[in-house]
Amino acid sequence: MVKKFIIVLVIIFTLGCSKEMKEEYKDESIKVNIVDGTLNENGLTLDVINNSENDILLKPGFDVEKNNDGKFEKLSKNKKCSSGIGYGIEKNNSMNVKVNWTCEYGKLDSGKYHLIKYLENDEYLVIDFEL
């Protein structure tokens, strides 16, 4: 009985860990642009356009990756500062989303970056920018 319980726990743990896998959203129905004049070392404003047939939810928080010698590496956060507020965008609608990374990362140096914004379905959007 104990062996069966342990095996069940291992299976549950393994399945639970596999849910952590996230995948880049590749459907062209959701587009993200940086609003002109908003990009600086403290943050930016995104224009998220949802041309899909479904409402979407942008999860709170984000990650930033910097290009180091041709490879993007996730930056370490100073602390977690997310407000915990996600953004719902109705189908065939758009929304401007302000992103300020100074609390998590401080001011960013010049370079090439990825901003990673997560969706409710374990997918994410990648926004390229250069300072």
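This is a predicted model: local features need pLDDT of at least 70, side-chain atom pairs count only at pLDDT 80 or more; totals for chains, interfaces and linings use all residues.
Good morning. One definition first: a residue counts as buried under 20% relative accessible area, as exposed over 50%, and as partly exposed in between. By that rule Asp 122, at 28% relative accessibility, is partly exposed.

The protein chain comprises 131 residues, of which 30% count as buried. Its accessible surface amounts to about 8,800 Å², and carbon and sulfur atoms account for 51% of that. There are 2 helices and 10 strands. Their order along the sequence is α-β-β-β-β-β-β-β-β-α-β-β. If we take the contacts between residues at least 6 apart in sequence, 66% of them connect residues at least 24 apart.

Let me turn to one of the sheets. Three strands make up an open sheet in the order β2-β3-β8, with antiparallel pairing. Which strands stand at its edges? They are β2, residues 30-34, and β8, residues 93-100; each has a single partner strand, so one side of each lacks a neighbour in the sheet. On average, and ignoring direction, neighbouring strands here are turned by 25° against each other. Strand β3, residues 43-50, is joined to β8 by 8 bridges. Within that pairing, Leu 46 has Val 97 of β8 as its bridge partner.

I now come to the charged side chains. The whole structure contains 4 salt bridges. One of these is formed by Glu 28 and Lys 31, at 3.3 Å from N to O. Glu 28 is exposed, at 56% relative accessibility, while Lys 31 is partly exposed, at 37%.

Another brings us back to Asp 122, which forms a salt bridge with Lys 59; the closest N and O atoms are 3.7 Å apart. Asp 122 lies in the loop between β9 and β10 and Lys 59 in the loop between β4 and β5, so this pair ties together parts that are 63 residues apart in sequence. Lys 59 is partly exposed, with a relative accessible area of 28%.

A further salt bridge joins Lys 74 and Asp 63, at 3.6 Å from N to O. Lys 74 belongs to strand β6 and Asp 63 to strand β5, 11 residues apart. Through salt bridges that share partners, Asp 63, Lys 74 and Lys 77 are joined into one network.

Glu 65 presents another case. This residue sits in strand β5, residues 63-68. Glu 65 is buried yet has no salt bridge, and the nearest side chain of opposite charge, Lys 74, is 5.8 Å away. Leaving aside neighbours within four places in sequence, the contacts of Glu 65 include Phe 72, Leu 75, Tyr 113, His 114 and Ile 116.

Finally, two backbone details. Asp 69 has a phi near 55°, a positive value in a residue other than glycine. Asp 69 is placed in the loop between β5 and β6, and is exposed, with a relative accessible area of 86%. Asp 122 likewise has a positive phi, about 65°, although it is not a glycine. Its place is the loop between β9, residues 112-118, and β10, residues 123-130. Thank you for your attention.

Conventions:
Residues are numbered from 1 along each chain as its sequence is written. Side-chain values use heavy atoms; hydrogens and water are left out. Helices (H or I, at least four residues) and strands (E, at least two) are DSSP runs, numbered from the N terminus. Buried means under 20% relative accessible area, exposed over 50%, partly exposed in between (1.4 Å probe, protein chains only). Lys and Arg count as positive and Asp and Glu as negative; His and the chain ends are not counted. Contact means heavy atoms within 4.5 Å. Accessible areas come from the Shrake-Rupley method with a 1.4 Å probe; for residues, only the protein chains shown count as cover. Two strands pair if DSSP finds at least two bridges between them. Axes are lines fitted to C-alpha atoms, for helices over the stretch in contact, and angles run from 0 to 180 degrees between N-to-C directions.
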